[in-house]
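Dear colleague,

Please find below the structure that I am handing over to you. My findings follow directly after it.

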Amino acid sequence: QVQMVESGGGLAQAGASLTLSCTASGSTVSSFATGWFRQAPGKDYEFVAAVTPGPGYTYYADSVKDRVTISVDNAKNTVYLRMNTLLPEDTAVYYCAATGPSYLRGALNTVNQYRYWGQGTQVTVSS
């Protein structure tokens, strides 16, 4: 069973940077695509970023693409989400998720591509 565990959330001031980590167990991050989503109170899941195995294609939501970087450390079996210039509207619970062996690369911004989800980590940005 694949498990994804997020860490690195917390309270940050607007303008600061934060790096979230997502460590996989039960499989390797080189076996599937990994995405980050977030959910603000009362809102639906919002895609943030995704990365594929192998060539490591990356995808970003337009709303964050200038401030966010997704990266993979295969040796640590961990996917990172680096967020710069945090804004109060970045406040949300951030989830990492992994696809199965099969996925549609062009649809990695949709929740139904992902089979395994972490428990989420809270990010709160104060103004």
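Please bear in mind that this is a predicted model. I begin with a loop residue, D62, which is placed between β6 (58-60) and β7. D62 counts as exposed because its relative accessibility is 63%, and the cut-off for that class is over 50%.

The largest nonpolar core comprises 36 residues, of which M4, L20, W36, V48, L81, M83 and Y94 touch the most other members. Two or more residues of this core come from each of β3 (18-25), β4 (34-39), β5 (46-51), β7 (68-73), β8 (78-83), β9 (92-98) and β11 (121-126). Nonpolar side chains tend to be buried together in soluble globular proteins.

L81 deserves a separate note. Leaving aside residues up to four places away in sequence, L81 touches L18, T19, L20, W36, V48, A49, V68, T69, I70 and Y94.

Finally, there is the matter of covalent cross-links. The structure holds 1 disulfide. This disulfide is formed by C22 and C96, with 1.9 Å between their sulfur atoms. The link is right-handed, with 60° about the S-S bond. Because C22 belongs to strand β3 and C96 to strand β9, the pair ties together parts that are 74 residues apart in sequence. C22 is buried, at a relative accessible area of 0%, and C96 likewise counts as buried, at 0% relative accessibility.

With kind regards

Definitions and conventions: Residues are numbered from 1 along each chain as its sequence is written. This is a predicted model: local features need pLDDT of at least 70, side-chain atom pairs count only at pLDDT 80 or more; totals for chains, interfaces and linings use all residues. Side-chain values use heavy atoms; hydrogens and water are left out. A nonpolar core is a set of buried Ala, Val, Leu, Ile, Met, Phe, Trp, Tyr and Cys residues joined through side-chain atoms within 4.5 Å. Buried means under 20% relative accessible area, exposed over 50%, partly exposed in between (1.4 Å probe, protein chains only). Helices (H or I, at least four residues) and strands (E, at least two) are DSSP runs, numbered from the N terminus. Contact means heavy atoms within 4.5 Å. A disulfide is a pair of cysteine sulfur atoms within 2.5 Å.
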